[in-house]
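Hello,

Here is the structure I promised to pass on to you. Could you open it next to this email and follow along?

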Amino acid sequence: MVKRKTITTAGIATAVLSALLISGCAQKEEAVPAEKASSPKTTEISFDEKLAGGKLGSESLAYVGGGSSNKIWVIDAKYHKMLTAIDIEGPKNERTQQMYPNLHDTHAVTFTKDFKTMFTVDWFEYEDTSYAIALDPVTFKELWRVPVGKGGHHSALSPDDKYLYVANQYGGTVSVVDVHSHKKIADIPTGEGTDYISPSMYWDGNAIDSPYLFISIDKEDKVAVLDWKNNKIVKDILVGGSLHGVNITPDGKSVWVAVGGKKEAAIIDVATLEITKRISFEGGPIHISLSPDGKFAYVTTGGNKIFKLDTKTYEKLWESTGTTIPAHTGISPDGKELWTLNHGMDKRYPYKLGGEAVSGVQIWDTETGELITEIPAEGVPHEIQFVPYTALIDEVPLSSEEVHSQGTHSVAEAGELLYKDSCASCHGDKLEGKAGPSLTAIGAQKSKKEILDRIQNGKGMMPGGLVDETDAKILATWLSEKK
């Protein structure tokens, strides 16, 4: 619950005086019939607001690492509804060793700045390396995967999206993956318990202006500073206790570190790489998120506490109590909501899912600290990334009626049928090419809109207008997935 201000002595005195005055007036006017009591006015909320738990959120999708469910959850952030979950090669929740993260335990969710590619990390065999996995966030198809280090945990991209960095919890390294060539190019020694890497982008597709990424090294009580242009560790900053969340402010000038082992949040100046402030808490901080304007920090701590702080004065503006371990956090792109990713919500849900207590997301009003709603789910959630609707809206939209126009039930089925009838004679039965070029990887070479234009208008030896508009859209959508 949100802590509320107590009534002052002056307030009590005023209340007593008001009661006396009201009492006196009532005695004088006994003979006057009492006015009919008016009903309190209630604010009517819209149907959409009711669906969202009383308050609409930002027009975006939230992608959440679902932990031991081994899935990435996809949540509509406007209506606060779980839409689907992307399976990362099947759940395997039994812990044959006491390791964290365990096998088949999805933590990382990292997006390129154009929101076209999503990355996660998963570990499949204890004696083997884990894998960085690239996915299409629209089709949910795997694009490629690369072996990294043991116990791959969290990840981040360089501000220019050239390199993906993976924190290897049991390898003591950060793996560097070249995003263009899909190859690991280095393992940078960092220390035991390499854990979390500060993101290079939060909401809007713009990179945070910083020469460094910051990495929490939990078992060595330090933050490792990575120069991403040279892929070198330039400094280890000792924080004096075990740590987890490390996030840089949107302006790139400060780093907030959740030092659970000292029950402090430490603030590092990016220009000097020195600790400039320590803020004490009753429970050990777990994670920290910053508002889009950089004015506020939100800190989760032991005791299930959530705090809002002013980033200039460090004043604690409100505190609330979440459900069991409100660990990782995220701020909505409009700054109006704090999402806590909770490790257990079994007070209301006494049953288990996947052999574990029900976990999920709780959503808080950043202005008041009041709980808006919660979304229970299987698994223990970790990283979160908000993706605006606009980044995911189809550039060649197909209605359900159009998809079913061929008497088929999917784009894949309709596309294959149309291709055989209209395209295979020139491009081959298996897209291998004949009189026309191969189309096996056309989706990697051209956008869906460019493919549609070629189908409709033709070019060179290829005539346009071979199919009608609906069929052209189906074909363009089907071919755009050939990568």
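Thr129 sits in the loop that links strand E5 (118-123) to strand E6 (130-135); helices (H or I, at least four residues) and strands (E, at least two) are DSSP runs, numbered from the N terminus. Thr129 is partly exposed, because its relative accessibility is 24%; on this scale buried means under 20% relative accessible area, exposed means over 50%, and partly exposed is what falls in between (1.4 Å probe, protein chains only). Leaving aside residues up to four places away in sequence, Thr129 touches Trp123, Pro147, Val148 and Gly149, where contact means heavy atoms within 4.5 Å. The C-alpha atom of Thr129 is 9.2 Å from that of Asn168, and 39 residues separate the two along the chain.

Before you go further: this is a predicted model, in which local features need pLDDT of at least 70 and side-chain atom pairs count only at pLDDT 80 or more, while totals for chains, interfaces and linings use all residues. Residues are numbered from 1 along each chain as its sequence is written, and side-chain values use heavy atoms, with hydrogens and water left out.

Now to strand E13. All six of its six residues (212-217) are buried, so E13 is largely enclosed by the rest of the structure. In a regular strand, side chains alternate between the two faces of the sheet. Both faces of E13 are covered, with Tyr212, Phe214 and Ser216 buried on one side and Leu213, Ile215 and Ile217 buried on the other.

What does E13 pair with? Strand E12 (residues 194-197) runs antiparallel to E13 and is joined to it by two bridges; two strands pair if DSSP finds at least two bridges between them. Thr194 stands opposite Ile217 of E13. Strand E14 (residues 222-227) is also antiparallel to E13, and six bridges join these two. Asp227 in E14 is the bridge partner of Tyr212. E13 and E14 make a hairpin with four residues between them, and Asp221 in the turn has a positive phi of about 55°.

The structure holds 15 aromatic pairs. One of them is Tyr212 with Phe214, an edge-to-face pair at 6.1 Å centre to centre and 75° between the planes. Rings of Phe, Tyr and Trp (its six-membered ring) pair if their centres lie within 6.5 Å, with planes under 30 degrees apart counting as stacked, over 60 as edge-to-face and the rest as tilted. Both Tyr212 and Phe214 are buried. Elsewhere, Tyr63, Phe111 and Phe115 form one aromatic cluster.

Another loop residue is Gly354, which lies between strand E26 (352-353) and strand E27 (356-357). Gly354 counts as partly exposed because its relative accessibility is 40%. The chain has nine helices and 30 strands, and its C-alpha trace spans about 100 × 65 × 45 Å along the principal axes. Of its 483 residues, 51% count as buried. Among contacts with a separation of 6 or more, 48% are between residues 24 or more positions apart.

Best wishes
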